[in-house]
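Please look at the sequence and the 3D structure shown here, and keep both in view while reading the report.

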Amino acid sequence: MHITLLDYGAGNVRSVRNAIRKLGYEVHDVQSPEDILTAEKLIFPGVGSFGLVMTRLQEKGYTEPLKKRILANKPFLGICVALQALFEGSEESPGIPGLGIIPGQVVRFSDTNSSVPQIGWNGLKIKKQSVLFNGYKNEKLYFVHSFHAQVSDVGQEWTLAVTDYGTEFVSAVEKGCVTAFQFHPEKSGQAGLNILNNYLSLENKTPLILTSLTDDADAETKIAKRIIACLDVRSNDNGDLVVTKGDQYDVRHEGAVRNLGKPVELARNYYEMGADEITFLNITGFRDYPLQDQPMLEVLERTSENVFVPLTIGGGIREFIDKSGKASTSLDVASAYFRSGADKISIGSDAVFTVEEYLRTGTKTGKSSIEQISAVYGAQAVVISVDPRRIYVQSPEQTLHATIKTIFPGPSGEMFCWYQCTVKGGREGRDVDVVQLVKVCQELGAGEILLNCIDRDGTNNGFDLELINLVKQSVSIPVIASSGAGSAAHFVDVFQKTTTDAALAAGIFHRKEVTIGEVKDAVRTVGIEIR
C-alpha cells in the first residue's frame, strides 16, 4: 500500500508519519503537485493556522491538484485544519479562500462558558455508517482548535460526526472516499490509531462490514478534564539528560541533581499508563548549543515514535545566538521543536519580559515570540508557563496589583496577597502580577496557561485553589493547574473547587507515590468527566 503524506512545511507532521509507521505502513511525502493526483492514498495533516495552510498550498501549487483529487473521489484523509480547508473560508483568516469543496465559512467558538481554544478529549456523535469507525467504542478523541465547521453549513451528504462544545459542531465529514476529521487520530491514543488503521487498510471498494450506530448517538458529548504528566529535563553534572524535580524549584539533593529517570522512557511509561498529555520542561536551556544540536530535539523525536498523545515542550523558546555566532529567532526555535514532534510550545520568562514591554507601551509589536508563533501555528500551539509567588499585604490599598483575600494568612497575619510573576526559574521577581500577565498574553495570542505556583511547588499540600480561581476568572483560554499535588484527592479538589481545564503533576508520578490510573479512578468516582 502506497501512503502519501502532504507535508507542506509547517508544524508537527512527524506524529502522523510515526503513527503510520507504527501501524506497519511505509509513508512517502508529496514531492510535486503531480504526486497529489497519483497517490494511492493521501493524508493531509492540517497543522498551523488556516491562512498559513492555504497560503503554503497555493505557493507550492498544491491547491488545484487537491481539488481535482477530491472531486475525482480518490482516497483522501484530512486532519484538523485540513477539514476546515474544505470550506470556502474561515474567520481565522478573512479574505483567504479555502478549497471550496463544501459551502460555508468556518467560525470561531463563541460560547462564553467554554474555554477557547477547545483543547482536550471529547466524544463523537456518529451520524452515518463508516468503515473508518469499525471497532470504535465511543472513546474520547483529542481536539485542539478555536474554529469549527457549523452543522447548518454541512448537509447530510457530508456530515459523518458531530461533537458538542458549547455548541454542536461538525467533527468529521465523509463523502465517498473523501474523509476529514477535526480531531487528531495520531494524538488520540490507541482509539485514534485504530481509526487511522481503518483508513490505511481499507481497500478501494465498498466495505462489507460497517460500524453500527449506537443507541445513544444523540447524547451530548462532554470534554474531559485532562491529567498531564510533567517531566523537568536537564543535564546532570555528568552531562546526561535526566528527569528531575525540585523543591520550590531547587533540583539538587545532597549536592547532586536529582535523577528520577530518562525522559524518553518515562514519557512512554506515562503514555501507556493513560496520561492525557506529556509536558517536557527544559530547565537547563542548553544556551550554548547550535539549534540543530539542541538535545531536546532528539528527546521529542524519539518520544513521538511511541507516544501518541500531545507533547508540549517548554524552556529556551526565545531568540538566541549560539557560541558559533549563528542567530535564531524564537520562531526558528519553535519551528524546530514542532518539526521534531511537539504539538505545543511553552513560553516562560520571555512572556514576562514581553508583558512588561506591552504594559510600558500599550502596543503590540508583532515581534514577540507569542505573537509570531501564534500567527503561524495558531493560538492553540502557544502555552504560557507562569511562575508566580505570593506577596502578602495588610490591605489592597498597599499595592497597585490585583489582590485576593486569602484563607492562608501571611507571616505577620496579613489577610491579602497578590501573585508576583518571576523569571529565571523563579529566582527573580518582577513588577508584574499574574492577572496582568495572563490577560496580556491572551491578548497577544496565547492559547493556554500552565499555572505553576512557587509557594506550593514540591510541598505535596495540594494545588493553590485561590490562585487558580483568580486566573480562571481573568481569561477565557484553558488553564492547566500545576504545583503542589501530593495525592489523588488533590486532583479531585482542584476539579471540584475550580473550573480548571487540566491538572498536572510531576514528582508524585516520578516517585510512584500515586499512579495516573489512581488519579483517574478518584476523579471519575466523584462524577467528573475523564478519559
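## Basis of the report

This is a predicted model, in which local features need pLDDT of at least 70 and side-chain atom pairs count only at pLDDT 80 or more, while totals for chains, interfaces and linings use all residues. Residues are numbered from 1 along each chain as its sequence is written, and side-chain values use heavy atoms, with hydrogens and water left out.

## Packed helices

Two packed helices are described by the angle between their axes and the distance between the axes. Axes are lines fitted to C-alpha atoms, for helices over the stretch in contact, and angles run from 0 to 180 degrees between N-to-C directions. Helices (H or I, at least four residues) and strands (E, at least two) are DSSP runs, numbered from the N terminus.

Helix α9 (residues 330-339) and helix α11 (residues 369-377) have axes that come within 9 Å and cross at roughly 45 degrees. The two helices α9 and α11 are therefore oblique to each other (angles under 35 degrees count as roughly parallel, over 145 as roughly antiparallel, 65 to 115 as roughly perpendicular and the rest as oblique). Their contact (heavy atoms within 4.5 Å) is made by Ser330, Leu331, Ala334, Ser335 and Phe338 of α9 together with Ser369, Gln372, Ile373, Val376 and Tyr377 of α11. These residues divide into six nonpolar, four polar and no charged, where Ala, Val, Leu, Ile, Met, Phe, Trp, Tyr, Cys and Pro count as nonpolar, Asp, Glu, Lys and Arg as charged, and the others, Gly among them, as polar.

Helix α12 (residues 434-444) packs with helix α13 (residues 465-472) at an angle of about 40 degrees, and their axes are 10 Å apart; α12 and α13 are therefore oblique to each other. On the α12 side the contact is made by Val434, Val435 and Val438, and on the α13 side by Leu467, Leu470 and Val471. By class, this contact has six nonpolar, no polar and no charged residues.

## Cavities

The structure holds three cavities of 30 Å³ or more. On a 1 Å grid over the protein atoms alone, a cavity is a set of points where a 1.4 Å probe fits but cannot get out, and lining residues have an atom within 4 Å of a point. Grid points are joined across faces, edges and corners, and a volume is the space filled by probe spheres set on the points.

The largest cavity has about 240 Å³ of space, and of the 18 residues that line it, Val47, Val144, His184, Asp343 and Gln380 are the closest to its centre. Its lining has nine nonpolar, five polar and four charged residues.

The second largest cavity has about 70 Å³ of space, and the residues lining it include Gly48, Cys80, Glu92, Val144 and Gln380. Two or more residues of this lining come from each of α5 (81-84) and β9 (141-145). By class, the lining of the second largest cavity divides into four nonpolar, six polar and one charged.

## Two loops

Asparagine 73 has its place in the loop between α4 (63-71) and β4 (76-80). Its phi is near 60 degrees, a positive value in a residue other than glycine.

Note on methods: 1 Å grid on protein atoms, 1.4 Å probe; cavity = no way out; pocket = protein on both sides within 12 Å on 5 of 7 lines; lining within 4 Å.
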